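Have the sequence and the coordinates open as you read.

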Amino acid sequence: MADTISKERRSELMSRIRSKNSKVELAVRSLVHRMGYRFRLHRKNLPGKPDLVFPGRKKAIFVHGCFWHWHPDPDCKRARMPKSRQEFWKPKLEANRRRDRENKEKLSSLGWEVLEIWECEVGDLNKIMERISAFLDPATASD
């Protein structure tokens, strides 16, 4: 199946996609800050450069875009495989998912705990707030 827009327009659209400081990431950062937690951003000395890093707790949060990190939830509408150029997209998205898994394993082996927040989950901020609280302060989390 051919792309429905020109190559130039597609290139322009793709160039606007951010690897950090995306709208979703900024929303999560704002929420975490309002919750009273302080964090570091994109620590280059940690595998995968986590989006939010809590050094004293040895905890890290990744905010993943559902398409680019190929969200495994079958109900996620944003993680669908493109219909065109699947020979390009499938290996790319699989590699992204594999890299994410390897980064989580590396962080774990260094004694870090990791929470992944998916783009599609950010619509329910109360649920995200509960997950973050349970992750950062497990003793105070409610059942």
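## The aromatic cluster

Phe67, Trp68, Phe88 and Trp89 are joined into a cluster by ring pairs. Rings of Phe, Tyr and Trp (for Trp, its six-membered ring) count as a pair if their centres lie within 6.5 Å; planes under 30 degrees apart are stacked, over 60 edge-to-face, and the rest tilted. The structure has five aromatic pairs. In one of them, Phe67 and Trp68 have ring centres 5.0 Å apart and planes at 80°, so they sit edge-to-face. Phe67 also pairs edge-to-face with Trp89, with centres 5.3 Å apart and planes at 65°. Phe67 is in the loop between E3 and H3 while Trp89 is in helix H3, so this pair ties together parts 22 residues apart in sequence.

(Buried is under 20% relative accessible area, exposed over 50%, partly exposed in between, with a 1.4 Å probe and protein chains only.)

## What the model is

This is a predicted model: local features need pLDDT of at least 70, side-chain atom pairs count only at pLDDT 80 or more, and totals for chains, interfaces and linings use all residues. Residues are numbered from 1 along each chain as its sequence is written, and side-chain values use heavy atoms, leaving out hydrogens and water.

## Charges over rings

Two charged side chains are worth a look here. The charged end of Arg85 sits over the Phe88 ring, 4.5 Å from its centre, and that of Lys59 sits over the Phe135 ring, at 5.0 Å. The rule asks for NZ of Lys or CZ of Arg within 6 Å of the ring centre and within 35 degrees of the ring normal.

## Salt bridges

Side chains of opposite charge can pair when their charged atoms come close. With a salt bridge taken as a side-chain nitrogen of Lys or Arg within 4 Å of a carboxyl oxygen of Asp or Glu, the count is seven. One of them joins Asp137 to Arg57, with the closest N and O atoms 2.9 Å apart. That pair links distant parts of the chain, 80 residues apart: Asp137 in the segment after helix H4 (125–136), and Arg57 in the loop between strands E2 (52–54) and E3 (59–64). Asp137 is partly exposed at 24%, and so is Arg57 at 37%.

Arg78 and Glu119 form another, at 3.0 Å from N to O. Arg78 is in the loop between E3 and helix H3 (86–109), Glu119 in the loop between strand E4 (113–118) and H4, so parts 41 residues apart get tied together. Then there's Arg131 with Glu121, at 2.9 Å between the closest N and O atoms.

## Around His71

His71 lies in the loop between E3 and H3 and is buried, at 8% relative accessible area. Beyond residues up to four places away in sequence, His71 touches Cys66, Cys76, Ala79, Arg97, Trp118 and Cys120, a contact being heavy atoms within 4.5 Å. His71 and Trp118 are 47 residues apart in sequence but 7.3 Å apart in space, C-alpha to C-alpha.

## The whole chain

The protein chain has four helices and four strands, running α-α-β-β-β-α-β-α from the N terminus. (Both are DSSP runs numbered from the N terminus: helices are H or I with at least four residues, strands E with at least two.) Of its 143 residues, 33% count as buried.
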